[in-house]
Amino acid sequence: IAYLRGLRANQVLGVGLVTGLAGKGDSAASGLLKTTLASLVSTFGVDVPAADVRSKNCAVVMVSAELPALAKVGDRIDATVSSIGDARDLDGGVLMQAALLAANGKTYAVAQGRVLSTPDTSGVRTVGSVPGGAMVEQEVAAAFVADEVVTIVLRNPDFVTATAVQRAIAAAFPGIEAGAPDPSKVEVRIPQDQAPV
C-alpha cells in the first residue's frame with residue numbers, strides 16, 4: 001500500500017547486438033547493422049569496413065531493464081530486448097554484452113545471454129527477455145532519510161488510510177513521532193539517538 005520516499009527502481013537502457021539468428025536477423029542491407037557489427041568486432045582488433053559487412057544472422061536491439069531500489073554490485077536482474085531493425089525472430093539468439101545506462105548517462109549494468117522470445121498475437125518474435133542476464137555494475141545511491149524524517153508515501157492517497165498507518169506506527173513503536181500531514185503520506189521522525197550517522 002506504500003513505499004518509502006527515496007527508495008525506487010531506476011530504468012536503464014542500452015543498444016545491443018543479438019547474434020546466432022540463422023538468417024532471421026536484420027537484412028544484409030541494414031546500415032545500422034553494418035555499423036554496429038563493424039564497431040563490435042573492431043573492439044577485438046578486427047578491422048572490417050562497415051560497407052563490407054554481410055550478415056543476416058544478427059539483429060540490432062534496444063536492451064532495457066529495471067534496476068531495483070538498493071540493488072548491489074553483482075546482483076542479477078532480467079533484461080528485455082526488442083528489435084529496432086527488420087529482424088524477423090530473436091528467439092534463441094545470444095545478446096552480446098551491452099552496457100545499460102541510466103538517464104544521467106552512467107553505466108549501471110551490463111547485459112548478455114540467450115534470448116527467449118514470446119510471440120505476440122500475430123506470432124511475431126521481435127521482443128524477448130534475457131532472464132537474469134543483466135549484472136549490476138554500480139549501485140544507485142538511495143537517500144530515504146531527510147532531516148531525521150522517513151516519509152511513507154501511500155500508493156492510493158486517502159485520509160482514512162494515512163490516519164490508520166499513522167496510528168499503527170504509533171501503537172507499534174511507542175515514543176516514535178508519526179504524523180499524516182496530508183492524505184498521500186505519513187512522516188515518521190527518527191529519535192535523535194537512533195538517527196543514522
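Residues are numbered from 1 along each chain as its sequence is written, and side-chain values use heavy atoms, with hydrogens and water left out. Because the model is predicted, local features need pLDDT of at least 70 and side-chain atom pairs count only at pLDDT 80 or more, whereas totals for chains, interfaces and linings use all residues.

Helices (H or I, at least four residues) and strands (E, at least two) are DSSP runs, numbered from the N terminus. Two strands are taken to pair if DSSP finds at least two bridges between them. Strands β2 and β3 run antiparallel and are joined by 9 bridges, and Val-15, which lies in β2 (residues 10-19), has Met-62 of β3 as its bridge partner. Strands β3 and β4 are likewise antiparallel, with 4 bridges between them, and here Ser-64 stands opposite Thr-80 in β4.

Ala-22, with a phi of about 50 degrees, lies in the loop between β2 and α1 (31-42); its relative accessibility is 68%, so Ala-22 counts as exposed. Leu-70, with a phi of about 65 degrees, is found in the loop between β3 (59-67) and β4 (76-83), and its relative accessible area of 47% makes Leu-70 partly exposed. In these terms, buried means under 20% relative accessible area, exposed over 50%, and partly exposed in between (1.4 Å probe, protein chains only).
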